[in-house]
Amino acid sequence: MLIKIISIGNKLNSWESESIQHYKKQMPKNFKIDFINLKSQQNPKYSKKEVIKKESELLISKILEDEFVVACDSMGELTDSGEFSCLLKSCQEMNKTISFIIGGSFGLSEEIKSKADKIFSASLLTFPHRLFRLILVEQIFRAHTIISNMPYHRSEETRLNSSHDSESRM
């Protein structure tokens, strides 16, 4: 399965690359993650609307017609790890490339959102691009472990459930 992460922003720096590599190394060979980092179009000469339009054109140019497109947007649907794994599994079964689109600091255009097959929000919190890309890769790895019934996700669930149990006893 090919997973593309297409984002407006800087290239991965060393700590980001190392952290992302940690998860990529643990994934099976049939899970390939490609990063496409596009330069921000912010410029004092351009309005916010112009920047979004220019960045949108760059993003759209990297999306192929037969891909499943997921726009990452704070106003998107909140999705838990189980639902996220179902999305990846579905794309895997259909042999579809999945492209995650991450806009610049002004967000995504309505055009991108309307072209997306799904608009996804990881949280109501706002994350810097560098951190969000890492969170996304960790969630892709977690989805793989859920699909494969591996202990990574279950051990997290067990830890969280036991902490909730001890909180409820207080």
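Of the 170 residues of the protein chain, 39% are classed as buried, where buried stands for under 20% relative accessible area, exposed for over 50% and partly exposed for anything in between (1.4 Å probe, protein chains only). The structure is a predicted model, in which local features need pLDDT of at least 70 and side-chain atom pairs pLDDT 80 or more, while totals for chains, interfaces and linings use all residues. Residues are numbered from 1 along each chain as its sequence is written, and side-chain values use heavy atoms, with hydrogens and water left out. The accessible surface of the protein chain amounts to about 10,100 Å², and 53% of this belongs to carbon and sulfur atoms; the areas come from the Shrake-Rupley method with a 1.4 Å probe, and for residues only the protein chains shown count as cover.

Six helices and five strands make up the secondary structure of the protein chain. Here helices (H or I, at least four residues) and strands (E, at least two) are DSSP runs, numbered from the N terminus. Read from the N terminus on, the order of elements is β-α-β-α-β-α-β-α-β-α-α. Among contacts in the protein chain with a separation of 6 or more, 83% come from residues 24 or more positions apart, a contact being heavy atoms within 4.5 Å.

Val51, Ile52, Glu55, Ser56 and Leu59 of α2 are buried. These residues lie on the same side of α2, because they cover an arc of only 135 degrees around the axis, the arc being that of the directions from the helix axis to the C-beta atoms. An α-helix has 3.6 residues a turn, so residues three or four places apart point the same way. The buried residues of α2 pack against β1 (2-8), β2 (32-38), β4 (98-102) and α4 (110-115), whereas the face turned away from the buried side carries the exposed residues Lys49, Lys53 and Ser61. Gly107 sits in the loop between β4 and α4 and is partly exposed, with a relative accessible area of 25%.

In helix α1, Glu16, Ile20 and Tyr23 are buried. The end C-alpha atoms of α1 are 19 Å apart, which agrees with the 18 Å that its 13 residues should span at 1.5 Å a residue.

Three aromatic pairs are found in a search of the whole structure. Rings of Phe, Tyr and Trp (its six-membered ring) pair if their centres lie within 6.5 Å, and planes under 30 degrees apart count as stacked, over 60 as edge-to-face and the rest as tilted. Tyr23 and Phe141 form a tilted pair, 5.7 Å centre to centre with 45 degrees between the planes. Tyr23 lies in helix α1 (residues 14-26) and Phe141 in helix α5 (residues 129-147), so the pair ties together parts that are 118 residues apart in sequence. Both Tyr23 and Phe141 are buried. Phe84, Phe100 and Phe120 form one aromatic cluster.

Methods: Expected span 1.5 Å × (residues − 1).
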